[in-house]
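Keep the coordinates open while reading.

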Amino acid sequence: MKKQDMNYLTFIKRKFDEENIELPIELEDISIKPLLENAGDSSAKVRFQANKAIKAVVSIAACFAIAAVSLTAAYPVANQEFFNKNEQQDTAYVEHIKTFGSYDEINSVIDDLKKNNSVINKGLTDSFYYKSSVEDSAFPSHSYGKTYKQVDGVDEADIIKNDGQYIYYIFCDAKDGYSQKIEIIRPDGKKTQKVCVIDDFDSKGTVCDMYVKDDFLIVNVINNVNNFLKSGDDDSQSSFSIYIYNISNRSSPRLVHQFTQSGFYNTSRLVGDIIYVVSDYYVCTDDSEKYVPYTEMNGKRQKVQISDIAQIDQPSDAGYIVISSIDIRNITNIKTKTKALLSGTSQIYCNDNHMFAASYKGDMMQSDIEQEKNNEQKTQIVKISLNNGNIEFSASGYIDGFVNNQFSFDEKDGYLRVASTSFNKKNVQTNNLYILDRNLNVAGSVTGFAEKESIQAVRFIKNKAYVVTYENTDPLFVIDLSNPLKPVLEGDVEITGFSSLLVPADDDILLGIGSSTDHDSSVDGIKLALFDISDSSSPKVLDSRVIKNGFSDAQYNHKALIENPDKGYYAIPYYKYNDEWSGFETGAVVFEIKNNKIEVTDKFKINEKEMYAQRCTYIGDYIYILDENGYIFSYEYQ
């Protein structure tokens with residue numbers, strides 16, 4: 001098996017391990033299973049016990065989305081243009097976005113695509129699943145934990161919300177057949193009071209994440225997941241719903257609106273009072289009436305209008321990215337707008353003006369050299385303009401390789417900066433940083449650095465990019481982006497293990513949260529690292545700390561990190577095995593940065609068996625830890 005193929009299998013397996021589930025029994029006959037079990041995953045030494053219904057069904061959809069993308073037929077590149085900037089061999093393929101003249105025209109295109117793509121017709125999707133989060137809310141009486149976001153002013157949904165007076169939490173109720181519920185809790189120091197439980201979601205739905213905005217709770221729920229995974233018939237068409245509750249009376253939430261959209265829920269963002277939701281809709285039926293995605297508001301269903309559907313020059317499969325805006329400024333008369341583009345997606349980056357949707361277009365069935373030769377090792381990027389609820393597909397193009405996650409993207413001064421990992425003509429894995437102009441043409445780039453390694457973390461801070469790659473050590477590269485036409489690789493420093501999240505601690509210090517590794521590169525704990533970035537040409541490692549045999553959701557999900565700027569500490573949930581790997585503890589690790597050192601100030605333990613801390617948050621002087629089954633534990637932090 002080629003190295004790239006194993007890289008993708010490792011990624012898929014990591015997603016199963018990350019969500020703490022066993023490979024599902026429904027997949028016993030799928031030939032990829034034994035490969036997954038031997039993929040040499042470096043993300044965890046021990047897989048955690050199966051983690052109930054919510055994680056299982058969503059992770060299956062998410063992970064096999066990657067397989068669906070990689071196993072599809074070779075992508076037919078159209079209207080390619082070669083861009084050679086700064087005397088480097090940089091390529092970007094800019095596409096035109098075209099509208100349709102009729103639904104019949106769409107049907108014809110879908111029929112042609114379905115003939116050439118048997119994998120998609122079996123019901124696999126191209127979407128990632130993101131648990132995603134909260135902005136300043138209605139109760140600013142004291143400091144409280146907010147969801148860690150990539151972009152200031154752009155909120156992300158998560159499984160926990162905190163408005164300063166109440167904590168909202170999605171959990172699986174083990175006492176009720178692991179049904180999914182939302183609990184509203186009123187904490188008061190060491191005491192916590194259950195205010196109410198919301199459990200009126202469709203029994204077939206999977207509750208993903210939520211927002212709290214003033215007196216409204218917005219919940220994202222995937223519909224009919226199990227049916228969709230088991231078959232590709234007409235009844236399995238994917239959709240998700242947004243439930244909007246009036247929670248002005250926290251003890252008695254009232255459902256006021258329900259919006260449904262075709263496709264698997266990918267992610268969402270809350271910009272001011274407007275929610276932007278993204279789904280991936282694949283046509284898994286021969287019924288042409290279902291070739292076009294739909295939306296439904298409070299029971300009133302309609303197809304997406306023909307004027308709101310577009311396509312790239314030559315889409316590779318029968319899949320749409322569907323984006324809707326939901327304006328909640330006038331809650332009695334909510335306005336929605338929906339656009340659909342015949343093109344898949346996976347990663348989403350969003351700021352307050354634009355959303356960028358990226359989808360890898362490689363082919364796992366070809367060798368890396370064949371892909372490079374045929375220009376098929378690409379990531380498609382679609383630029384979507386957002387303006388007060390209006391949505392417009394404004395540009396589309398390609399870069400070499402694939403991206404790690406949403407932090408691989410950043411937009412500044414009209415330029416999109418994006419980091420990717422690719423294979424060169426010698427079949428060696430390398431890394432790149434591209435700067436794209438407003439039309440997604442390559443304006444400048446740094447390519448081919450960190451051979452035989454892959455990107456694990458990226459953070460853009462002003463005119464600098466900080467990139468962590470990994471194979472056996474963890475190099476941090478600093479790239480100067482001051483001149484978008486001529487970015488410069490300035491310096492690098494190495495440390496064992498690798499960081500998967502980079503957090504600006506101040507102007508000169510970068511905090512890395514990630515994994516420690518042993519002699520055979522297997523992950524064996526949580527690693528915290530401090531980097532001095534005051535001199536870009538010579539970054540330095542200031543300090544590091546390892547929680548041996550420890551693991552945390554924060555290693556792979558930035559929303560599991562809590563930052564308390566008032567008290568100057570960070571906190572992450574964790575679980576830690578003993579030296580014999582026969583038992584474990586769980587809770588929250590609290591640490592501070594003092595005098596260029598990492599000080600682990602507290603490690604709050606949940607003194608209960610069979611608990612697993614998923615999130616932590618704070619209100620005032622108290623830290624609250626939430627277990628996957630809905631239990632909450634409080635600790636005073638002085």
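Q: Is T285 buried or exposed?
A: This is a predicted model. T285 has a relative accessibility of 4%. The cut-off for burial is under 20%. T285 therefore counts as buried.

Q: Where is the place of T285?
A: Strand β12 covers 274–282, and strand β13 covers 294–297. T285 sits in the loop between β12 and β13.

Q: Is I182 buried or exposed?
A: I182 belongs to strand β5, residues 179–188. Beyond four places in sequence, its contacts include Y169, F171, F201 and L217. The relative accessibility of I182 is 0%, so I182 counts as buried.

Q: What separates the C-alpha atoms of I182 and V219?
A: V219 is one of the residues in contact with I182. The two are 37 residues apart along the chain. Their C-alpha atoms are separated by 9.3 Å.

Q: Which strands are the edge strands of the open sheet of 7 strands?
A: The order is β1-β15-β17-β16-β12-β11-β2, with mixed pairing. An edge strand pairs on one side only. That gives β1 (98–99) and β2 (154–155).

Q: Which residue in β17 is the bridge partner of S325?
A: Strands β16 (residues 319–327) and β17 (residues 335–342) run antiparallel and are joined by 8 bridges. The partner of S325 in β17 is K337.

Q: How many aromatic pairs does the structure hold?
A: Rings pair if their centres lie within 6.5 Å. The total is 18.

Q: Why is the pair of F240 and Y265 tilted?
A: The ring centres are 5.3 Å apart. The pair ties together parts 25 residues apart in sequence, because F240 is in β9 and Y265 in β11. F240 is buried at 0% relative accessibility, and Y265 is buried at 2%. The planes meet at 50 degrees, so the pair is tilted.

Q: At what angle are the ring planes of Y569 and Y618?
A: Both residues, Y569 and Y618, are buried. Their ring centres are 6.0 Å apart. The pair is edge-to-face because the planes are at 65 degrees.

Q: Over which ring does the charged end of K303 sit?
A: The cut-off for a charge over a ring is within 6 Å of the ring centre. The charged end of K303 is 4.8 Å from the centre of the ring of Y103.

Terms used. Residues are numbered from 1 along each chain as its sequence is written. This is a predicted model: local features need pLDDT of at least 70, side-chain atom pairs count only at pLDDT 80 or more; totals for chains, interfaces and linings use all residues. Side-chain values use heavy atoms; hydrogens and water are left out. Helices (H or I, at least four residues) and strands (E, at least two) are DSSP runs, numbered from the N terminus. Buried means under 20% relative accessible area, exposed over 50%, partly exposed in between (1.4 Å probe, protein chains only). Contact means heavy atoms within 4.5 Å. Two strands pair if DSSP finds at least two bridges between them. Rings of Phe, Tyr and Trp (its six-membered ring) pair if their centres lie within 6.5 Å; planes under 30 degrees apart count as stacked, over 60 as edge-to-face and the rest as tilted. A charge sits over a ring if NZ of Lys or CZ of Arg is within 6 Å of the ring centre and within 35 degrees of the ring normal.
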